[in-house]
Amino acid sequence: MAVDHTKRVLVTAGASGIGRAMAEAFAAEGARVWVTDVDQAALASVDPQWKSSLTDASSEPEMTDLFAQIAAEWGGLDVLCANAGVSGPTALIEDVSLESWRQCVAVNLEGAFIAAKLAAPLMKAQRSGSMIFTSSTAGLYGYPSRSPYAAAKWAIIGLMKTVAMELGPFGIRANAICPGSVEGPRMERVLAKEALLKGTTRDAIYHGYASGTSMRTFVEAKDIAAMAVFMASDGARYLSGQAIAVDGHTENPDPKV
Ligand SMILES: NC(=O)c1ccc[n+]([C@@H]2O[C@H](COP(=O)([O-])OP(=O)(O)OC[C@H]3O[C@@H](n4cnc5c(N)ncnc54)[C@H](O)[C@@H]3O)[C@@H](O)[C@H]2O)c1
């Protein structure tokens, strides 16, 4: 029987947004794709050729079941896109509840930890693999009114760098992508909340974010997906331990709007 050498790619939170764009980009390269999400309707809308699971990235039991299925059906994993994340509360530090902090950290950071922990043995056994963590420019700068999110996205970079060191001897690479503001429904929700907090308009906040970059721009999900495909490619075979921003170059992370 011929061995199928196509890449086996898992994308958490892959039913919409950036994760979906990643899954589409890997599938377009001929990869086998498995997406997870907590939104059943969104999962129902993905390409039926993909594998898909209703799995909360922050739940260790659910993720453990998922990895057992991956091991059984695929026998390994070549690319992990630990992408799940929620924006968390938009509030000044004194108004952030511990519960909302924990919820934000649970999906963004603990989700990345759980995925890396479960992917490591599979990748070590095959002595190859690429882990790609979705951080954020919020993981490179402070982010007023988004302290849980910024803290979690910084911590993901610490996790990624440590994983790169632990797994490098096994031929496994780990990198992080730091997207800037991505056009789409999630940023629209962020813009609306921040406009409310600051007593201004969505357009003023949008312009503030865009004007804080050298290229005066938001980016698109496909730009993040293209970086993920590159990070997993042979062209990036010695790229490890890096956090790379795809953001039009952030000059001023907090333009005062
Ligand atoms: N959109 C941006 O501007 C932006 C910028 C920087 C970083 N990011 C990061 O990129 C990643 C993807 O963001 P997005 O804009 O596609 O998000 P999104 O809000 O559009 O959500 C994408 C998907 O994540 C799913 N999801 C939410 N919680 C989940 C969980 N616990 N387990 C599994 N799936 C879950 C949702 O159901 C949704 O289908 C996140 O880590 C986010 O923090 C986004």
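Which helix supplies the largest share of the shell around the ligand? I found that helix 1 does, with three residues. A reminder to myself before going further: this is a predicted model.

**Ligand shell.** I counted 28 residues surrounding the ligand. Ala13, Gly17, Ala57, Gly85 and Val182 are the closest of them. I then checked where the shell comes from: helix 1 (17-28), strand 2 (32-37) and helix 6 (185-198) each supply at least two of its residues.

**Helix 4, length and bend.** Next I turned to helix 4, which covers residues 98-126. Its 29 residues should span 42 Å at 1.5 Å a residue, and I got 40 Å between the end C-alpha atoms, which agrees. I also looked along helix 4 for a bend and found a kink of about 40°, centred on Ala106.

**Helix 3 against helix 4.** For a pair like this, I wanted two numbers, since packed helices are described by the angle between their axes and the distance between the axes. The axes of helix 3 (residues 60-74) and helix 4 come within 10 Å and cross at roughly 25°. Angles under 35 degrees count as roughly parallel, so I wrote down helix 3 and helix 4 as roughly parallel to each other. Last, I checked the hand: helix 3 passes helix 4 in a right-handed crossing.

Key
Residues are numbered from 1 along each chain as its sequence is written. This is a predicted model: local features need pLDDT of at least 70, side-chain atom pairs count only at pLDDT 80 or more; totals for chains, interfaces and linings use all residues. A residue is near a molecule or strand if its C-beta atom, placed from the backbone, lies within 6 Å of it. Helices (H or I, at least four residues) and strands (E, at least two) are DSSP runs, numbered from the N terminus. The expected span of a helix is 1.5 Å times one less than its number of residues. The bend at a residue is the angle between axes fitted to the seven residues ending there and the seven starting there. Axes are lines fitted to C-alpha atoms, for helices over the stretch in contact, and angles run from 0 to 180 degrees between N-to-C directions. Angles under 35 degrees count as roughly parallel, over 145 as roughly antiparallel, 65 to 115 as roughly perpendicular and the rest as oblique. A crossing is left-handed if the near helix is turned anticlockwise from the far one by less than a right angle, and right-handed if clockwise.
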